[in-house]
Amino acid sequence: MDAAHSLLFAATLVALYVMGQIWYAQVVIYPLFAKVGTLEYIEYHGFYTRKIPLPVVGPGFASFLLPMTLIFLRPDTVPAWLAYANALCGLIGLIVTVALEIPRHGRLEKSGKNADVIRELILFNWPRTASVTGSAVFSVLMVLAAFRPA
């Protein structure tokens, strides 16, 4: 397996992992934010943000950036439009994360429980959930194109 195939395979594994993770966050973790008591909230959210760098933040940013590299380093049998569609999903996920999600997490960690901010976090996470899901689908299609029998 050459470098382009290896990169695509690794990026696809990351995309599938992050897709499972983002759906879990969307339907379980973020709604649970509203169930934590007001007095415990800052401590709870601080615990959450201290624990997510390795399992969530690292793979999440990798899933946003790896598709962009696949525009240039994809196997020859992978159509360019798949790579561009995948990269667009990564870009959307990155923008939503940096512009919408991270600031809301910062507000929750600093100011404590706020029902409006939690609702915004859940609402604004839907485009990121869709983009991560799209990236996983495009990645699988790219793998199928790259590894199909000659």
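A residue counts as buried when its relative accessible area is under 20%. Please keep that cut-off in mind, as I will come back to it. The model on the screen is a predicted one.

I will begin with the whole chain. The protein chain has five helices and zero strands, so in the order of the sequence the pattern reads α-α-α-α-α. Its C-alpha atoms fill a box of roughly 60 × 20 × 20 Å along the principal axes. The chain has 150 residues, and 41% of them count as buried. Its accessible surface is about 8,200 Å², with 73% of that belonging to carbon and sulfur atoms. As for contacts with a separation of 6 or more, 78% are between residues 24 or more positions apart.

Next, helix H1, which covers residues 3–33. With 31 residues at 1.5 Å a residue, H1 should span 45 Å, and the 42 Å between its end C-alpha atoms agrees with that. H1 also has a kink of about 45 degrees, and the kink is centred on Ala-25.

Now to one residue, Thr-97, which is placed in helix H4, residues 80–111. Is Thr-97 buried or exposed? Its relative accessibility is 5%, and the cut-off for buried is under 20%, so Thr-97 counts as buried.

What does the side chain of Thr-97 reach? It reaches the backbone oxygen of Gly-93, at 2.7 Å. If we leave aside the neighbours within four places in sequence, Thr-97 is in contact with Phe-61, Phe-64, Ile-102, Pro-103 and Arg-128.

That is the end of my part.

Technical notes
Residues numbered from 1 in each chain as written. Predicted model: local features only at pLDDT ≥ 70, side-chain atom pairs only at ≥ 80, totals over all residues. Heavy atoms only, no water. Helix = DSSP H or I, 4+ residues; strand = E, 2+ residues; numbered from the N terminus. Buried < 20%, exposed > 50% of the residue type's maximum accessible area, 1.4 Å probe, protein only. Polar contact = N/O pair within 3.5 Å; in protein donor to acceptor, adjacent residues only side chain to side chain. Contact = heavy atoms within 4.5 Å. Expected span 1.5 Å × (residues − 1). Bend = angle between axes of the 7 residues up to and from the residue. Areas by Shrake-Rupley, 256 points an atom, 1.4 Å probe, with all protein chains shown as cover.
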